[in-house]
Amino acid sequence: MKFIAIIPARYASTRFPGKPLALLGGRPVIQHVYEKAAQALDEAYVATDDERIARVVESFGGHAIMTRADHKSGTDRIEEAAEKIGTDADVVINIQGDEPFVDASQLKTLQSLFDCEETQIGTLGKRFDSMEATENPNSPKIVCDKQGFALYFSRSVIPFVRGQEPKSWLNHYPYLKHLGLYAYRREVLREVTQLPQSPLELAESLEQLRWLENGYRIRVGLTDVETVGIDTPADLERAEQFLINQGK
């Protein structure tokens, strides 16, 4: 089975314009992401709508593909890129352009999910280590069935543990944090990008609910590796310290 990584990266971020080109440890954030992907997978591309990002990617020897500027999501961007590349890969992996610490073990776990023929989309979950983190609505929770397929994603704390104080809920249920890495069978990526937004997606502002609501099966792999996404300049400072600590 052949896998390709496509990394959506746009310049015009509301909270941090130009963040793919921000320097982390002396190298652009997008270079960290690209090199991790290229080391772990058969092929890697950065899909962007900005010539500045494309030039930087090409300057460090990476592959960039230009896409439209009007995409509403990274998923739509990687579908356009996959069409333009004309890839023959069986599975397309979407690695966010602001995740410089994506780990090879995470990508390997994603790939292994497709050993199961029923897997149409793959993603990752990590056990929460505190109730405070679990309650954060910016960290979506996943509830899975016994085969590891997602039943639901929510910004709320689900499930509700009846008869127990919320501070003790982690002792009664293994709450899973959703990590924003996705993998799609090639034909599934083509299909899901044609779907209109769904009521659950609009309610929770979670794109993956559109796929669940339309009957697609999302299998969840487990990882114990934490990632440090970069959404703001403050996150970049935190990532810089994380990088220093890794070096130590």
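**Rings and strands**

Start with Y173: its relative accessibility is 24%, so Y173 counts as partly exposed. Keep in mind that this is a predicted model. Now Y175. Its relative accessibility is 0%, so Y175 counts as buried. The structure holds eight aromatic pairs. Y173 and Y175 form one of them, an edge-to-face pair with 5.1 Å centre to centre and 70 degrees between the planes.

Next pair: Y182 and W211. Their ring centres are 5.2 Å apart and their planes stand at 80 degrees, so this pair is edge-to-face. Why does the pair tie together parts that are 29 residues apart in sequence? Because Y182 lies in strand β10, residues 176-185, and W211 lies in helix α8, residues 208-213. Y182 has 8% relative accessibility, so Y182 counts as buried. W211 has 0%, so W211 counts as buried.

The charged end of R52 sits over the ring of Y11, 3.7 Å from the ring centre. For R219, the charged end sits over the ring of F149, 5.8 Å from the centre.

On to the strands. Take β4, residues 43-48. Five of its six residues are buried. Which strand do six bridges join to β4? That is β1, residues 3-9, and the two run parallel. There, A9 has T48 of β4 as its bridge partner. Strand β5, residues 64-66, is joined to β4 by three bridges, also running parallel. A47 has I65 in β5 as its bridge partner. From β4 the chain passes through helix α2, residues 51-59, to β5, a right-handed β-α-β crossover.

Definitions and conventions:
Residues numbered from 1 in each chain as written. Predicted model: local features only at pLDDT ≥ 70, side-chain atom pairs only at ≥ 80, totals over all residues. Heavy atoms only, no water. Buried < 20%, exposed > 50% of the residue type's maximum accessible area, 1.4 Å probe, protein only. Helix = DSSP H or I, 4+ residues; strand = E, 2+ residues; numbered from the N terminus. Pairing = 2+ DSSP bridges. Right-handed = clockwise from strand over helix to strand, strands pointing away. Phe/Tyr/Trp six-rings, centres within 6.5 Å; stacked < 30°, edge-to-face > 60°. Lys NZ or Arg CZ within 6 Å of the ring centre and 35° of its normal.
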